[in-house]
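Have the viewer open as you read.

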Amino acid sequence: MLQQLGHLPMGWLLIALIAVFASIAFFAGRVRAERILLSGEQSLHSRPNYHGYFVAMWALVPAVLVALAYAIGAEGISRNQLVSELPPAFDLLSDAEMKTYLDSVAQAALAREDTGTDLVFTAVTHRYLEIRGSLNIGALALMVIGALGGLIFSRRRLGTSFRARSLVERGMETVLFLCAAVAIATTVGIVTSLLYESIQFFRAVPIWDFLFGTRWNAQTEAEFGALPLFFGTFTIALIAMLVAAPIGLFSAIYLSEYAGPKARGWIKPILEILAGIPTVVYGFFALLVVAPAVRGLAIWINETLINIGLTTEPLLAAQPTSALAAGLVMGIMVIPFVSSLSDDVINAVPQTLRDGAYALGATKSETVRNVVVPAALPGIIAALLLAVSRAIGETMIVVMAAGKSARISMDPTSDLTTITVQIVSLMTGETGFDDPKTLSAFALGLVLFAVTLLFNVIALRVVQKYREKYD
Amino acid sequence: MDTDHTPQAAGTVTPPTADALPAAAPRIDCRDINVFYGPTQAIHNVSLSFPDRAVTALIGPSGCGKSTFLRCLNRMNDTIESCRVDGQILMDGQNINDHSIDAVLLRSRVGMVFQKPNPFPKSIFDNIAYGPRIHGLASSREDLDAIVEKSLRRAGLWEEVKDRLQAPGTSLSGGQQQRLCIARAIAVRPEVILMDEPCSALDPVATARIEELIDELRKRYCIVIVTHSMQQAARVSQRTAFFHLGNLIEMGETEQIFTNPREKRTEDYITGRFG
Ligand SMILES: Nc1ncnc2c1ncn2[C@@H]1O[C@H](COP(=O)(O)OP(=O)(O)O)[C@@H](O)[C@H]1O
Ligand SMILES: [Mg+2]
């Protein structure tokens, strides 16, 4: 009997019960409020529906709590119980072996494959099911008691002057706050774990060596000088911004100041499409098209220089993947970030400023250069900063087209590696959690996070200041 | 107020007309102006002239086309895509609507001050210096300094800002900003100054200062001012034109318009029966 209960579809049952109790409680509350309304000559403080919501809230909270507790704790509790009942022979199993064994028990129980030939296994599975069954019954009972208790308790409180509406409003506020809190808690959790693991790493490798060491060889030799990675990251971001800043800004100026509604109507969507291309597509475009082109160009330059006798050795590295290729494509990728935000801020420059310049006899380009762009400058700077932080954090393009050599080289046709590329290669493949190799990825992640956060915060500040000025 | 421009007593048998004015050759002479925004006509057949060294006020209910007409005088309507202006506007015998006239040059001769003060996001000095710079009016730094000082003095702002010329223009108060904009317009040595409700965003004290200033500027420039305040029109202008629904209803000496309007609609508007 208990074994059968172990098979109950608890997820569905709990959700259905919650729904049923919520509806019952709602009607119980509303009906009671309506009765009060009909019987007395006094009017209610809140509409009957609010009394319904109030009672439903009270039934929901314990029910949901029970369901959450069940979802989080049921498996662990039943396994602990099972382990404590196992015969002493099982003590020989190591923790990992025990976990595997329990996994297969749970698997077999779930799939109703408990009638195998291994009698011990079958017995354990049955016991597991019995434990689950009693837990299930317990959870259902607890939920019914909790929900009914909440219902009865709250229904008693209803009355003519009862402020159900205010309490429901406060309940709604709490729910919304909890949702926001989940997002915040997640962020805090991620940052904490980044910090924690980084500190572990800095115990093994001094932070100074990490930040300013020039030799990075995490995979084979445990050398953790990340300077070449920072160098590669900023070089590629710089190349990207050299492409994206002028093109993005000028296209924003064209769009907002020169283009008629027609041109605007098709250019804007195209820029938005550019923003929607998956970065992995940019990545193979960089690898297959741009990198070979950069290489070909570099080889040509080398040969020309040797032919005219300026150099005897090849000047450029001309490698198959290069910082320049990755940077160029990344630049194209971030154009829309620059152009669309710049377009917004330029549009927000009041028309009266333009009129003022025109009325002085300024030409269109003078007006744009001397009045519109300076007025929008803070916003444009913010757009550029956001684009930079986007470029620094970008991964796919550099993984595919930037290369893996950690070096500091001024030659843009040589391959450089970035923070993100190294994180990817540290995290893929065989990893142990306590390895400095794995931990170094957290330290790199922390640096990346700090830098992009800084850029974003500055950008947001600047935009805020700008808004205040023109509101 | 100067008496040169005030007409003879308004109660004479024949009310004074535009032709009877002392300024024989008007600074600007508009003939049969029609303005269209796309298919809708905003100004119907307006003929109107503006004397030099005098203030002409354009009054009328909101939406009657005062701003639209004013903006014809420096071709600001060119900046509006859908706007089309027909008719002749003569300045020095030349039609400014003619294609051979460069709107950019025209606007250096016809300055404009807007409803809301709109200083550029630059220092006070650079706000004034901007016009002279783009038109090459100053040959040296001293020249430019002199122009800036003179313009600020004429706009009655010099004493207040001479110690902080490098402060941003937006740091001034609303009234000071508007005088800055007037100084900015003066700095390019215009012959005509257009003002579109220059005081509507200002408090009464700042308004009074601007009105004094306008009276002062009248000695040098031809001034056209749009205003929704009839008291202001009566205080600062010598001549007044009343617009209604895109038509010029009546034009004459300010005193005559306010004391003895010829048209019923003018009288109704002035006595506050509509608008
Ligand atoms: N940019 C524009 N596009 C279309 N119609 C306009 C534009 N500006 C003004 N109008 C119309 O022209 C008429 C006159 O407007 P305006 O000259 O601003 O009046 P006023 O300054 O006397 O209040 C109004 O009916 C207004 O709706
Ligand atoms: Mg207007």
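## Ground rules

Contact here means heavy atoms within 4.5 Å. Helices (H or I, at least four residues) and strands (E, at least two) are DSSP runs, numbered from the N terminus.

This is a predicted model, in which local features need pLDDT of at least 70 and side-chain atom pairs count only at pLDDT 80 or more, while totals for chains, interfaces and linings use all residues. Residues are numbered from 1 along each chain as its sequence is written, chains are lettered from A in the order in which they are written, and side-chain values use heavy atoms, with hydrogens and water left out.

## Two helices in chain A

In H4(A), the residues A:Tyr101, A:Ser104, A:Val105, A:Ala106, A:Ala108 and A:Ala109 meet A:Val120, A:Phe121, A:Val124, A:Thr125, A:Tyr128 and A:Leu129 of H5(A). This contact of H4(A) with H5(A) has 10 nonpolar, two polar and no charged residues. For these classes, Ala, Val, Leu, Ile, Met, Phe, Trp, Tyr, Cys and Pro are nonpolar, Asp, Glu, Lys and Arg are charged, and the others, Gly among them, are polar.

H4 (residues 95-111) and H5 (residues 119-157) of chain A pack at about 70°, their axes 9 Å apart; axes are lines fitted to C-alpha atoms over the stretch in contact, and angles run from 0 to 180 degrees between N-to-C directions. H4(A) and H5(A) are therefore roughly perpendicular (65 to 115 degrees).

## Where the chains meet

The contact draws 18 residues from chain A and 23 residues from chain B. About 1600 Å² is buried between chain A and chain B, with carbon and sulfur atoms giving 67%; buried area is the accessible area (1.4 Å probe) that two parts lose on being put together, summed over both.

On the side of chain A that touches chain B, helix H12 (351-359) and helix H13 (364-393) each supply at least two residues. The largest share, seven residues, comes from H12(A).

## Salt bridges

Between chain A and chain B there are zero salt bridges, each being a side-chain nitrogen of Lys or Arg within 4 Å of a carboxyl oxygen of Asp or Glu.

B:Asp92 and B:Arg109 form a salt bridge through their side chains (2.7 Å, N to O). B:Asp92 lies in the loop between strands E4 (83-91) and E5 (94-95) of chain B and B:Arg109 in helix H2 (residues 103-109) of chain B, so this pair ties together parts 17 residues apart in sequence.

Technical notes
Parallel < 35°, antiparallel > 145°, perpendicular 65-115°, else oblique.
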